[in-house]
Amino acid sequence: MLLQIPFHHTFDCDIFGPLGIVEWFGSSRPIWKAHAPMSAQIEDYYPADIFNRIKEFADTKETPFLVVDTKMVDAAYDELRSAFPIAKVYYAVKANPAPEIISLLKAKGSSFDIASIYELDRVLELGVSPDQISYGNTIKKAKDIRYFYERGVRLFATDSEADLRNIAKAAPGARVYARVLTEGTHTADWPLSRKFGCQNDMAIDLMILARDLGLEPYGISFHVGSQQRDIGAWDAAIAKVANIFERLRSEDGITLKMINMGGGFPGNYVMRAHDLKVYAEEITRFLKEDFGDDMPEIILEPGRSMVANAGILVSEVVLISRKARTSLHRWIFTDVGKFSGLIETMDEAIKYPIYTEKQGEVEEAVIAGPTCDSADIMYEDSKVSLPLNLAIGDRMYWFSTGAYTTSYSAIEFNGFPPLKGYYI
Ligand SMILES: Cc1ncc(COP(=O)(O)O)c(C=O)c1O
């Protein structure tokens with residue numbers, strides 16, 4: 001059984017990894033083509049026993065749905081903990097808020113990064129203690145801050161004066177950390193900066209104001225962008241943070257205690273990234289270079305890297321067509337789309353490996369979803385080579401879809417129900 005790894009990318013050579021060398025082909029638009037096999041084994045993404053277990057379960061269900069292997073989540077947590085023994089883990093619930101995942105991570109000792117009162121209610125219902133929660137969203141209503149505070153949460157992110165003043169009123173005495181802007185958005189497949197964070201000088205002003213408002217200026221956070229393939233992005237961000245720590249200490253007598261390094265660690269998609277171990281070694285080195293023996297408390301907020309690889313989204317081919325008699329590619333419409341879990345294919349940002357059981361000669365295809373919205377096309381610029389004998393009714397297996405799929409799925413757009421998730 002072969003996995004189709006078929007995108008024509010604008011690859012970064014340094015992250016090309018297992019697919020081998022890339023070569024330029026003269027063309028009206030840039031196309032890179034792999035020398036190495038255009039397909040990979042399932043084992044490139046899943047141990048055979050795990051894949052078989054997921055597949056066996058999937059065979060009993062109607063598409064579309066996501067299956068998450070919780071053993072892989074368990075292992076991802078352990079891997080992160082052993083790679084970063086100096087860090088405390090706050091799982092970013094937004095990546096996959098399934099109770100099965102929250103309960104599993106709670107049992108393993110994780111804390112939680114929470115973005116809304118709804119996520120808060122869910123984790124509290126599952127028995128998470130408020131002192132294991134950080135309200136990481138910098139955009140929040142005053143009444144929501146109060147809601148968190150009344151339930152015992154004492155750790156808040158901020159990146160603006162108005163929000164900080166709201167925190168001072170609604171959560172008196174709480175610990176606050178300022179989120180700074182970071183570079184490296186172009187090397188993250190799902191960038192997060194610009195909307196969140198502020199410049200260094202403003203972060204300093206906010207920490208001083210926090211103290212003056214009776215809050216505890218606790219630390220600095222950043223997020224280098226989700227699916228960040230350039231480990232150097234952490235180097236620049238940590239250096240910025242060190243500078244803020246030092247300026248606040250020497251100029252204002254404020255000693256910050258914590259760095260929240262957010263997420264950004266990778267899932268296994270078509271464009272491969274380094275192993276987590278390499279990230280950890282490098283980032284730990286950056287921290288040691290900048291902080292030496294005076295290491296503050298380190299927080300990580302992994303979302304994607306904790307759950308992405310553990311999930312396989314299973315869909316069915318609804319229709320296959322060509323737009324012209326002479327068309328060189330097909331359109332493959334499937335029963336899952338941008339609005340039912342695959343929103344991260346927006347701008348074709350995240351390229352999920354797609355596997356089908358059919359094998360043989362392949363042809364490029366546009367892959368689109370089932371709704372009446374013409375934005376519901378997952379891959380058009382980066383066409384996917386799928387077997388010519390793929391037929392209506394066949395299943396498509398979207399690998400590494402455990403993160404940001406069920407949680408992004410729309411409610412009833414075109415009447416389609418939200419994406420189902422099964423946790424085995
Ligand atoms: C504040 C915060 N922390 C952590 C995360 C998780 O990041 P990732 O999924 O890249 O691990 C996000 C993602 O949006 C975030 O906004």
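These notebook entries record what I looked up in a predicted model.

**Ground rules.** I number residues from 1 along each chain as its sequence is written. Because the model is predicted, local features need pLDDT of at least 70 and side-chain atom pairs count only at pLDDT 80 or more, while totals for chains, interfaces and linings use all residues.

**Entry 1: the core.** I looked up the largest nonpolar core and found 114 residues in it. Such a core is a set of buried Ala, Val, Leu, Ile, Met, Phe, Trp, Tyr and Cys residues joined through C-beta atoms within 7 Å. I count a residue as buried if 20 or more other C-beta atoms lie within 10 Å of its own, exposed if 12 or fewer, and partly exposed in between, with C-beta atoms placed from the backbone. Val73, Ile167, Val176, Ile220, Val241 and Val307 have the most contacts inside the core. Helix H8 (residues 232-252) gives the most to this core, with nine residues. Helices (H or I, at least four residues) and strands (E, at least two) are DSSP runs, numbered from the N terminus.

**Entry 2: isoleucine 167.** I set aside neighbours within four places in sequence and found isoleucine 167 in contact with Ile145, Phe156, Thr158, Ala174, Val176 and Leu215. Contact requires C-beta atoms, placed from the backbone, to lie within 7 Å.

**Entry 3: helix H8.** Among the buried residues of H8 are Trp234, Val241 and Phe245. Their cover includes helix H7 (200-212), strand S12 (216-221) and helix H9 (276-291). Glycine 253 follows H8, and its phi is positive, near 65°.

**Entry 4: arginine 211.** I located arginine 211 in helix H7. Arginine 211 is partly exposed, because 16 other C-beta atoms lie within 10 Å. With neighbours within four places in sequence left aside, its contacts are Pro217 and Ile254.

**Entry 5: proline 418.** I found proline 418 in the loop between strand S21 (395-399) and strand S22 (420-423). Proline 418 is partly exposed, with 16 other C-beta atoms within 10 Å. Serine 407 lies 11 residues away from proline 418 in sequence and 9.2 Å away in space, C-alpha to C-alpha.

Methods. Two residues are in contact if their C-beta atoms, placed from the backbone, lie within 7 Å.
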